[in-house]
Number of protein chains: 2
Amino acid sequence: MEPLVNGRKNGSKEEEEEEERGKSRQPRVGERRTDAPVSVSKFPRRDPNSPNVMSALGKTNALSRSLARSYATLHNTPSSSKSPTAIVMLNMGGPSTVPETHDFLKNLFMDSDLIPLPFQSIIAPFIARRRTPQIEQQYTAIGGGSPILRYTEYQGTHMAALLDELHPETAPHKSYVAFRYAKPLTDEAARQMKADGVKRAVAFTQYPQYSCSTTGSSLNELYRQGRSGAVGEGIEWSVIDRWGTHPGFVEAVSQNIEAALQKFPESTRSETVLLFSAHSLPMSVVNRGDPYVLEVSSTVNAVMNRLKNSNPFRLVWQSQVGPSAWMGPQTSDAIKGLARLGKKQLVLVPIAFTSDHIETLYELDLEYVKEAKELGIDVHRAESLNESPVFIRALADITANHLREYSAGKIGPTSVQMGLRCPGCTNAVCAQQKSWFARGGR
Amino acid sequence: MEPLVNGRKNGSKEEEEEEERGKSRQPRVGERRTDAPVSVSKFPRRDPNSPNVMSALGKTNALSRSLARSYATLHNTPSSSKSPTAIVMLNMGGPSTVPETHDFLKNLFMDSDLIPLPFQSIIAPFIARRRTPQIEQQYTAIGGGSPILRYTEYQGTHMAALLDELHPETAPHKSYVAFRYAKPLTDEAARQMKADGVKRAVAFTQYPQYSCSTTGSSLNELYRQGRSGAVGEGIEWSVIDRWGTHPGFVEAVSQNIEAALQKFPESTRSETVLLFSAHSLPMSVVNRGDPYVLEVSSTVNAVMNRLKNSNPFRLVWQSQVGPSAWMGPQTSDAIKGLARLGKKQLVLVPIAFTSDHIETLYELDLEYVKEAKELGIDVHRAESLNESPVFIRALADITANHLREYSAGKIGPTSVQMGLRCPGCTNAVCAQQKSWFARGGR
């Protein structure tokens, strides 16, 4: 466990130094952007072409609006006088500027939940230094940094505004970004929450499908911060730990696929292959019992149901590194294979991340799209969810339902599934973290 | 392709010899058993505890009954004068008696779609001979043979009777069993169909989730028989190639899980871990792009939705053989891991086969259940679907919907997804087979 502790200390130190170097490069975490006025009416209500999904959403919406109306008469406290209900947006993050690349990589290689290394505190900085130039070049190629913070803040603030209307009992809601490897790191979110006097907090993973390497690692870090008192005392925690088949999420992905399909001639559109691409996992993690492969598969199945199985598809896996075995087929191999089989039209669909980041903007757009075109395939990438109003509405629905069911005692602080460690798990922090969150962070 | 041809010839020859040795050990394929009268009213209509799934089934049922009534007045031709609509039940099969074990194993190791071996026609018989004593012992331990033929015939005849009522336009329906490795082999089904003068046939895989190693291999063999004229001339073929998330199938599995959960004390029932166990696949097949892992995952997700995520669960993989890498975690390792984590209650759920066979009756019941008990776990296995009326109703619904939509021109002879070969596929028979079925077997 030593590397984990080191990882955290390192992260904190660097991030404090960074705060002194230049505070205002990004808007403060969790603050509403004054240039982005939010109103529930901005978000679409219903798509008559997708009655199943949207009628489900419509029902939730009707219920919420009805609740909103009745509660409006009960709660007259001005929301500004109450401490906010914190919605903590967990994600891996990415360097917002190229010079932040090294710190991002160091934090990443220091995370033994993600990449367990022998002598991690010595080897991780070495690997990070060695890989920095190449990754800096990739961030330069996509415009000088990762847009993941910008999108996460946009999604968070708009979601929080919707939540105030959908679930006024817990208003005001405020989103906090807690990245695992880039600023704002978890301890920065913690300080902000403490300053705001937060008493009720929801850890909301922004990875739709659960993996111990992603959501698990973020929850472990949040647990360390929470237990240490960095977030404040006596906070009531609950966790939204997976939502890969939520109908609103599925709808948002499906709409982006449909938009990409529109770019092909109608006469051959149905022959287009949909290639869903998710970040791969080492087979050592899969074989430990990590639920990620099942959950990504379930998302793809739900999207294909929503699309009425209009096109043939495969789920493939990207971004593997190193010599060990990873889950496959690899995205790149699949593209070569489809070309060999004579396929001429392809839509690449990022399915396990919700915003653009280096894996979509560099790996998919600059590497695989180029490769496919060189092989004679006409290829389009389905857009990431980014500022999709359907997606932001889904985030708000997921959170409103969670808050409502939690208040009503219908669900506990974590899901039933989150309580079960992987059969092959030997990480003691996972056990402590799951117990701590299952007790509501006490 | 040579070994494939050899495999078929071998299978045919042995199976002819076997016919001469002892004809009446099993009822004739496709014949209705006189001891099993079938009536639609035997099958349950609606479970008030599961409104979503069963209301969907209920609607189909109401529609079908209404159709049945209206068509009854239109079609007065006695069904016996029409050639039957053939429903060909594809499965791997198993030796009905211990002495059939060797032939079963030889057919299995000869199948290069399942296990590609160098010099297959020489090596396969050698491996089969060497493994026969151990596998014979396993079949002896489960009662002297595999019950898969008995259950497949039961399911097929009861399904056909339901179909006559659900979709009278294509009545009479007759089920034919076509096993890949045991009697009745595909060529026996073909001969029977030819004798019956079949003109319309549905290849209905009894593997709910598609793999090239299972359904793919069976369809390749059926294509060889069909193309050769062994089934007859001018037959119109269509294919039901996957149905792993059909609500009736999901309901049947869920009911068996609920029955197993009832065996635990109510006070601790919700702590019971559900361990879904599917036959594993070599990673070489997964990495080629085989859709099986995604489809099994989707089944598990659908079942857990139906169970309202009442229990924690994992999907694990059984029956791997040999030194190469297979999809994991392995069922046996997962049981050991759960014991180490202090889990005390377990339900084992077979999720990729629909009848009992050696992998449930020997591997799950005699090996893993014993292992779990020795590790201090109270374990029950969810029953296989076997004679489940909900499952047989689902088979009939799947087929009736297929026939209805095919007749209405809403679907083609195969699914959209079946048309796409795996990105890494190099098996020319797969390409020919898919084209042949896509043209309705012409």
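How many residues does helix α8 of chain A have, and how far does it reach from its first C-alpha to its last?

Analyst: This is a predicted model, where local features need pLDDT of at least 70, side-chain atom pairs count only at pLDDT 80 or more, and totals for chains, interfaces and linings use all residues. Residues are numbered from 1 along each chain as its sequence is written, chains are lettered from A and ligands numbered from 1 in the order in which they are written, and side-chain values use heavy atoms, with hydrogens and water left out.

Helix α8 of chain A covers residues 247–261. It has 15 residues and reaches 20 Å from its first C-alpha to its last. That is close to the expected 21 Å, at 1.5 Å a residue. The expected span is 1.5 Å times one less than the number of residues. Helices here are DSSP runs (H or I, at least four residues), strands are runs of E (at least two), and both are numbered from the N terminus.

Of the 15 residues of α8(A), 11 are buried, so the helix is largely enclosed by the rest of the structure. Buried means under 20% relative accessible area, exposed means over 50%, and partly exposed is in between (1.4 Å probe, protein chains only). Among the buried residues of α8(A) are Phe249(A), Val250(A), Ile257(A) and Leu261(A). Glu251(A) and Asn256(A) are also on that list.

Now the salt bridges. Each is a side-chain nitrogen of Lys or Arg within 4 Å of a carboxyl oxygen of Asp or Glu. In chain A, Asp241(A), Arg242(A) and Glu295(A) form a network of them.

Arg393(B) and Asp397(B) form a salt bridge, with the closest N and O atoms 3.4 Å apart. They sit four residues apart in helix α13 (residues 389–407) of chain B, about one helical turn. Both Arg393(B) and Asp397(B) are buried.

Glu100(B) pairs with Lys183(B), and the closest N and O atoms are 3.2 Å apart. This pair links distant parts of the chain, 83 residues apart. Glu100(B) is buried at 11% relative accessible area. Lys183(B) is partly exposed at 22%.

Asp356(B) and Arg381(B) also meet in a salt bridge, at 3.1 Å from N to O. Asp356(B) is in the loop between β7 and α12 of chain B and Arg381(B) is in strand β8 (residues 378–381), so the pair ties together parts 25 residues apart in sequence. Asp356(B) counts as buried at 7% relative accessibility. Arg381(B) counts as buried at 15%.

The loop between β7 (345–350) and α12 (358–374) of chain B also holds His357(B). At 5% relative accessibility, His357(B) is buried. Beyond its neighbours within four places in sequence, His357(B) is in contact (heavy atoms within 4.5 Å) with Ser146(B), Pro147(B) and Tyr362(B).

Last, the two chains together. Contact involves 39 residues of chain A and 40 of chain B. On the chain A side, α10(A) gives the largest share, six residues.
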